[in-house]
Amino acid sequence: MLVVGITSRALFDLDLSHEIFINQGLEAYRDYQVKKENTPLEQGQAFNLVNKLLSINRKLNKKVVEVILLSRNTSDIGLRIFNSIEHHGLEIKKAAFTGGNSPHTYAKSFGAHLFLSSEFSDCKSALKNGIAAARIIPGPKRKLDTNLLKVAFDGDAVIFSDESQSIFDKKGLKAFEMNEVSLAKKSLHGGPFKEFLFQLHKLQNYFSLEECPIRIALMTARHAPSHERVIRTLRDWNIRIDECLFLGGQNKVDFLKDYQADIFFDDQKEICDLATRLIPTGQVIRLQT
């Protein structure tokens, strides 16, 4: 079963509430949430992803996806969040309210394959514990009406390890391409999102190609001749990627707009900041290697 841990600020729009917390303090924030506990929260950046993942349970008539709410709130304040979950018809039954402590602590205990939060530090800690994690970046409100779940990934430092990316960062494009050509038939090591990608692929296998409600895209700055190693790696992993875009340094944002992803995962902050204007985006924090 695919298990996703998500914080309340990633799932719902809590920007106004957060401003009250920052400017007026915890007590004012608590009073506001209690007063508004019967007012449903608006959808947040990762809402479409969660909603469409949970809909797969209904399509299969069995539980293959579970979403866990992991929140810094107390359970008293969290009543509004549970009321909002019920209002939006989300099948989320489990939660951890940590009263100000980092909620990532319980992601591993719940068996999460993915942790989504708006907090940089929480995501970094989750990654250190071996859990795919991404910082959900604020962006404009949007809703995609299609029932098809579209997930887009960057390659190096996300699906794959950052070994090749580190060569590019330190030695430049020529050294990177020479390395990839020389190792073209050697699989890349898995990155922080390999297991999450594998779990999505397992969900795809419940359906025929024509009826599958999940579509996966790889959008990478790589181009020929560094493409071969990527293709061979995915083949060795026995993972199907529906769309592979080798962009050769072209602006990913233009292609993301055309693809209309429900979420895009990338490690480059500059790209994430641009992408979130059009597409819900999760920044994958690179740990020091």
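**Pocket lining, nonpolar cores and helix packing**

The lining of the largest pocket comprises 7 nonpolar, 11 polar and 4 charged residues. In this predicted model, the pocket holds about 430 Å³ of space. Its lining is made up of 22 residues, and R9, F21, Y29, R72 and N73 are those nearest the pocket centre. Two or more lining residues are given by each of α1, α2, α3 and β2. The largest share comes from α2, which supplies 3 residues.

Helix α5, spanning residues 79-87, has R80, I81, S84 and I85 as its buried residues. These residues cover an arc of only 145 degrees around the axis and therefore lie on the same side of α5. After α5 comes G89, which has a positive phi, near 70 degrees.

The largest nonpolar core contains 53 residues, and L53, L116, F153, F193 and F265 have the most contacts inside it. Helix α4 (residues 47-60) provides the largest share of this core, 6 residues. Another core, of 13 residues, lies apart from it and includes L70, L127, I131 and I285. When neighbours within four places in sequence are left aside, L116 is in contact with G5, I6, T7, A10, A46, L49, A134, I136 and F265. One of these partners, F265, is itself listed with L116 among the residues with the most contacts inside the largest core.

Two serine residues were also considered. S55 is located in helix α4. With a relative accessibility of 10%, S55 is classed as buried, because the cut-off for burial is under 20%. Between S55 and K257 there are 202 residues in sequence and 24 Å in space, C-alpha to C-alpha. S161, in turn, is placed in the loop between β6 (149-153) and α7 (163-171). The relative accessible area of S161 is 10%, and S161 is therefore buried. Leaving aside neighbours within four places in sequence, the contacts of S161 are D156, H189, G190 and G191. The C-alpha atoms of S161 and H223 are 18 Å apart in space, and the two residues are 62 apart in sequence.

Helix α10 (residues 227-237) has R229, V230, T233, L234 and W237 as its buried residues. Viewed down the axis of α10, these residues fall within an arc of 130 degrees and so line one face of the helix. The face turned away from this buried side carries R235 and D236, which are exposed. The cover over the buried residues of α10 includes the helices α7, α8 (173-182) and α9 (194-204), together with the strands β7 (214-220) and β8 (243-246). The residue N238 follows α10 and has a positive phi, near 60 degrees.

Note on methods:
Residues numbered from 1 in each chain as written. Predicted model: local features only at pLDDT ≥ 70, side-chain atom pairs only at ≥ 80, totals over all residues. Heavy atoms only, no water. Buried < 20%, exposed > 50% of the residue type's maximum accessible area, 1.4 Å probe, protein only. Helix = DSSP H or I, 4+ residues; strand = E, 2+ residues; numbered from the N terminus. Arc of directions from axis to C-beta. 1 Å grid on protein atoms, 1.4 Å probe; cavity = no way out; pocket = protein on both sides within 12 Å on 5 of 7 lines; lining within 4 Å. Points joined across faces, edges and corners; volume = space filled by probe spheres on them. Nonpolar A, V, L, I, M, F, W, Y, C, P; charged D, E, K, R; others polar. Core = buried A, V, L, I, M, F, W, Y, C linked by side-chain atoms within 4.5 Å. Contact = heavy atoms within 4.5 Å.
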